[in-house]
Amino acid sequence: MEKYPYDGNIKISKFQAFKAAVLIRLAKSWIFPGGRKKLYKMLGVQIGHDVYIGPNLDIISYALGKYLTIKDRAALAPNITFIISSGPNNSKLKSQYPRIFGPITVEEDVWIGSESVILPGLTIGKCSIIGAGSVVTRDIPPYSVAVGNPARIIKKVTECEEILQ
């Protein structure tokens, strides 16, 4: 997927922003994983079957949750951050570095380690593993293990394909 300059076409009312803020705070700290999934779905996140979402998953900007897709059997460890939109806000830098935006897709059977950060407009391919603390700056192809900052592919996953068949 690509990162897009934010053109301001996405409009969010103050009520929608307030509702999203309340939902994200509840979801991040909810004790039971099933309840967390329901709260993230209320934010608009598209979540497949048998997905595990650990505590403190963060979505930036949380009002844009509908641009995050997590497909079947993905496992998301605690403290992961998905950045759907980012920019310098009110800084004088905003004329030179406009806000960027991009939907994020986590394909089937992906495992993302704790404290990972996923930048805008990326896809993590099916049966991939993202190591704890990684910063994903580009698409990760299917059946890959990626670690580090920025995340680099260190090997391929072969067992996942056999298990799925």
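Me: What do the buried residues of α2 pack against?
Reply: This is a predicted model. In it, the buried residues of α2 pack against the helix α1 (14-29) and against β2 (46-47), β3 (52-53) and β4 (58-60).

Me: Which residues of α2 are buried?
Reply: They are G35, R36, K37, L39 and Y40. The helix itself covers residues 33-42.

Me: K37 is in that list. What is the nearest side chain of opposite charge, and how far away is it?
Reply: It is D50, at 6.0 Å. K37 has no salt bridge, because the criterion requires a side-chain nitrogen of Lys or Arg within 4 Å of a carboxyl oxygen of Asp or Glu.

Me: Which residues is K37 in contact with, leaving aside its neighbours within four places in sequence?
Reply: K37 is in contact with I47, G48, D50, V51 and I53. D50 is thus both a contact of K37 and the nearest side chain of opposite charge.

Me: What happens just after α2?
Reply: G44 takes a positive phi there, of about 105°.

Me: Changing topic: how many salt bridges does the structure hold?
Reply: It holds three. One of them joins the side chains of K28 and D58, at 3.5 Å from N to O. That pair links distant parts of the chain, with K28 in helix α1 and D58 in strand β4, 30 residues apart.

Me: Is K28 buried or partly exposed?
Reply: K28 is partly exposed, and its relative accessible area is 22%.

Me: Which side chain does E107 meet in a salt bridge?
Reply: E107 meets K71, at 3.2 Å from N to O. E107 lies in the loop between β10 (104-106) and β11 (111-112), while K71 lies in the loop between β5 (68-70) and β6 (75-76), 36 residues apart. E107 is buried, at 18% relative accessible area, whereas K71 is partly exposed, at 28%.

Me: And what does R73 pair with?
Reply: The side chain of R73 meets that of D109 in a salt bridge of 2.7 Å, N to O. This pair also links the loop between β5 and β6, which holds R73, to the loop between β10 and β11, which holds D109. R73 is partly exposed, at 38% relative accessible area, and D109 is buried, at 18%.

Me: Finally, the whole chain: how many helices and strands are there?
Reply: There are three helices and 17 strands. Of the 165 residues, 42% count as buried. The chain exposes about 9,200 Å², of which carbon and sulfur atoms supply 58%.

Terms used: Residues numbered from 1 in each chain as written. Predicted model: local features only at pLDDT ≥ 70, side-chain atom pairs only at ≥ 80, totals over all residues. Heavy atoms only, no water. Helix = DSSP H or I, 4+ residues; strand = E, 2+ residues; numbered from the N terminus. Buried < 20%, exposed > 50% of the residue type's maximum accessible area, 1.4 Å probe, protein only. Lys, Arg positive; Asp, Glu negative; His and termini not counted. Contact = heavy atoms within 4.5 Å. Areas by Shrake-Rupley, 256 points an atom, 1.4 Å probe, with all protein chains shown as cover.
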